[in-house]
Each structure stands twice: as structure tokens, then as C-alpha cells.
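Hi everyone, thanks for coming. Please have a look at the sequence and the model on the screen, and then I'll walk you through the inside of it.

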Amino acid sequence: MILMIIEDMLNNLGCASVTVAATVDQAIAHVDAKVFDAALLDVNLNGINSYPVADALAARGVPFVFSTGYSVNGLREDYRDRPVLTKPYPYRDFVTTLTRLFASSSQ
């Protein structure tokens, strides 16, 4: 349900294409098969941490934002410099964080 809400929010922001994955394996398959402008990555995908997905995105130079119920200090140390949306996050924070991500990745 939350995934559908986030997908709707991205579409409302004008994203032309949104790809979703509920598991680490699905996400890595998408990263391997497609080109992404950016990604929103939940730290926990069905009980599995998503760092392998973050590693794959970082290796391809895809900017991404972590979404988590944990603080930045709860992230793996090498990813603590990444943008984080702490759940639950208001729509305003969602928009601001993604706008900054796109602005920094286009420079």
C-alpha cells in the first residue's frame, strides 16, 4: 500500500517512469536491466537490508535517497553522507529531498 502511495507521489511530481521493487533481488534485477535518473531506496526490503542495491546504484553513479525509520546513524557508515528521508515523512520533505537530489545530480 505504501509503495503505491509513493509511486503516486512520484507520478504527481512529474516522473515519467517509476519502477518499483519489493525485494532486494527484484531491485538489483531492475538496476542491472534499466537506466535510472535517481532512486528512492528503503533500507529494509521485506526484512532484508538493501545495501546490495545501494552498492549497485552507487557503482553505476545513480543518485539515490534512503528511506528509513532509523536515523542517519543507523545507516551503514559508508552511506551516512547520502540523503535520508526518515519515516514517516511528510509530503513536503519528500518533495524537498527529491528536488535537491535531482538538482545536485544535474550539476
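I'll talk about the cores, then a pair of helices, and then some aromatic rings.

A quick word on the source: this is a predicted model, where local features need pLDDT of at least 70, side-chain atom pairs count only at pLDDT 80 or more, and totals for chains, interfaces and linings use all residues. Residues are numbered from 1 along each chain as its sequence is written, and side-chain values use heavy atoms, with hydrogens and water left out.

Let's begin with the cores. A nonpolar core is a set of buried Ala, Val, Leu, Ile, Met, Phe, Trp, Tyr and Cys residues joined through side-chain atoms within 4.5 Å, and buried means under 20% relative accessible area, with a 1.4 Å probe and protein chains only. Which members of the largest core touch the most others? They are Leu 41, Val 53, Leu 57, Phe 64 and Phe 66, out of 19 residues. Helix 2 (24-33), strand 1 (39-42), helix 3 (51-59) and strand 4 (64-68) each supply at least two residues; helices (H or I, at least four residues) and strands (E, at least two) are DSSP runs, numbered from the N terminus. Helix 3 gives the largest share, five residues. There is also a second, separate core of 10 residues, including Leu 10 and Leu 98.

Now the helices. Helix 2 and helix 3 pack at about 10°, with axes 9 Å apart; axes are lines fitted to C-alpha atoms over the stretch in contact, and angles run from 0 to 180 degrees between N-to-C directions. That makes the two helices roughly parallel, a label for angles under 35 degrees.

Finally, the rings. The structure holds seven aromatic pairs, meaning rings of Phe, Tyr and Trp (its six-membered ring) with centres within 6.5 Å; planes under 30 degrees apart count as stacked, over 60 as edge-to-face and the rest as tilted. Phe 66 and Tyr 79 have ring centres 5.6 Å apart and planes at 70°, so they are edge-to-face. Phe 66 sits in strand 4 and Tyr 79 in the loop between strand 4 and strand 5 (84-86), 13 residues apart. Both are buried. Tyr 89 and Phe 94, by contrast, have centres 5.9 Å apart and planes at 5°, so this pair is stacked.

Notes: Buried means under 20% relative accessible area, exposed over 50%, partly exposed in between (1.4 Å probe, protein chains only). Angles under 35 degrees count as roughly parallel, over 145 as roughly antiparallel, 65 to 115 as roughly perpendicular and the rest as oblique.
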